[in-house]
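User: Hi! Could you walk me through a structure and its pockets and ring pairs?

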Amino acid sequence: MSFQSIMFNINASRSDRKRDSLIPLPLGITECRNISYGSHGKWNLLDVYYPTGTREPLPTIVSIHGGGYVYGSKEIYRRYGMDMARRGFAFVNFNYRLAPKWKFPTPLWDTNSVLEWVCRNAARYHLDPKRIILVGDSAGAQLASQYAAMAANPDYAALFHMAVPEITIRALGLNCGMYDMAQRGAQPRKGIQLDYLGRDFPADDPRLQVLEAIGENYPPAYITTACHDFLRPCAQPMYEFLTAKGIRAAWKCYGTEEDESIGHVFHVNIPLPEAIRCNDDAAAFFREVLSE
C-alpha cells in the first residue's frame, strides 16, 4: 500500500470513529446484520435495514461505500443507511474487497454479487429488484456510476465478463465523487490510483471508458457536492455530461464558503443540518423518479 493510502486510512479511520461515536443509531429500523453474499469472508458481508413493521417490498437503496478503493466498510455507513431507511426505503449496505490486494475491477464484481443476492433474497428482506436505487460517495460514487453504465449497456458489461442480474436501477445518488476514469487512468500512477489500477494497467483499456459507455438507458442521477469537497470540480461536469445526452439529472452544492465543516461526504454526518437537507433532497428525487 502506498504511503498516501496508508495516511488516508489512518486519518479517515480516526475521523469516522469520532463522528460515529457522537451519533446514536436511528430508531424504528429493523437491522439485519453481517449476512454473507459471497465467498470472501468479512469482505463479502452485508447489512439490510428497513422500517420496523414493513410487510411489502420497498424501493431498495444499494450503497457502495467510499474510501478511495483502499479504505472503508459498511460499518461507517450504518447510521447513514438506517437514516435513509427511515425515509421509507430498504437499504443494503455492504463490504467489498479493497486495494491494493484486490485491484480494479474487483469492487464491481462484488457489487454484482450483491445485486445477485438481492434478487435471490428479495422476499425475505422486503427488497424490490425492479426498484433499485444505487448510491455511493467518493470512490463509491465512481463505482456506482460505472456499475450503472454496465447495467444499462450490455456491450460494456461484457468487457468485464459479467452477467448483470435481472434488476432495474431506477435512479442513482452520486455524492462527492469523481467520474472520468479514463482521465484518471491516463495520469501518472501514484498513491491511490496506483494501488487500485496497478503500475502496468493499460491506460487505453476500454473498461476505463465509463463516460463513453453511457447512453440513453442510463438511469436518472442526483449529484451532490459541497463547497469544501475536494472533488467539487467533478460534480457539475458530470451533470452537464448527462443532461447533454438527454439523461435526467440534477446537481446541488451544499454549504457555504464560510462554513468549512461542510466538506467531503458530509451527508453521512446525519445530524448536520446540511446533511439532513441533502438526504431529504436525494430521497425526494428518488421518489419523484419512482412515481413516473
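Here is a chat about the pockets, the ring pairs and one asparagine.

Analyst: Happy to! This is a predicted model, where local features need pLDDT of at least 70, side-chain atom pairs count only at pLDDT 80 or more, and totals for chains, interfaces and linings use all residues. Residues are numbered from 1 along each chain as its sequence is written, and side-chain values use heavy atoms, with hydrogens and water left out.

User: How much space lies in the largest pocket?

Analyst: About 890 Å³. Of its 36 lining residues, Phe8, Gly68, Ser138, Phe230 and His264 are the closest to the centre. A pocket here is an open set of points on a 1 Å grid over the protein atoms alone where a 1.4 Å probe fits, with protein on both sides within 12 Å along at least five of seven lines; lining residues have an atom within 4 Å of a point.

User: And which helix gives the largest share of that lining?

Analyst: Helix 1, with 7 residues. Helices are DSSP runs of H or I with at least four residues, numbered from the N terminus.

User: What lines the second largest pocket?

Analyst: That pocket has a volume of about 170 Å³, and its lining includes Met178, Tyr179, Arg184 and Phe241. Helix 9 gives the most, with 3 residues.

User: Switching topic, how many aromatic pairs are there?

Analyst: The count comes to 16 aromatic pairs. The rings of tyrosine 69 and tyrosine 196 are stacked, because their centres are 3.7 Å apart and their planes at 5 degrees. Rings of Phe, Tyr and Trp (its six-membered ring) pair if their centres lie within 6.5 Å, with planes under 30 degrees apart counted as stacked, over 60 as edge-to-face and the rest as tilted.

User: Where do those two tyrosines sit?

Analyst: Tyrosine 69 is in the loop between strand 3 (58–64) and helix 2 (78–85), and tyrosine 196 is in helix 7, so the pair ties together parts 127 residues apart in sequence. A strand is a DSSP run of E with at least two residues. Ring pairs also link both into a cluster with Phe104, Tyr156, Phe160 and Phe201.

User: One last thing: is asparagine 279 buried or exposed?

Analyst: Asparagine 279 counts as buried because its relative accessibility is 2%; buried means under 20% relative accessible area (1.4 Å probe, protein chains only). Asparagine 279 lies in helix 10 (residues 273–290), and a polar atom of its side chain is 3.0 Å from the backbone oxygen of histidine 267.

Technical notes:
Buried < 20%, exposed > 50% of the residue type's maximum accessible area, 1.4 Å probe, protein only. Polar contact = N/O pair within 3.5 Å; in protein donor to acceptor, adjacent residues only side chain to side chain. Points joined across faces, edges and corners; volume = space filled by probe spheres on them.
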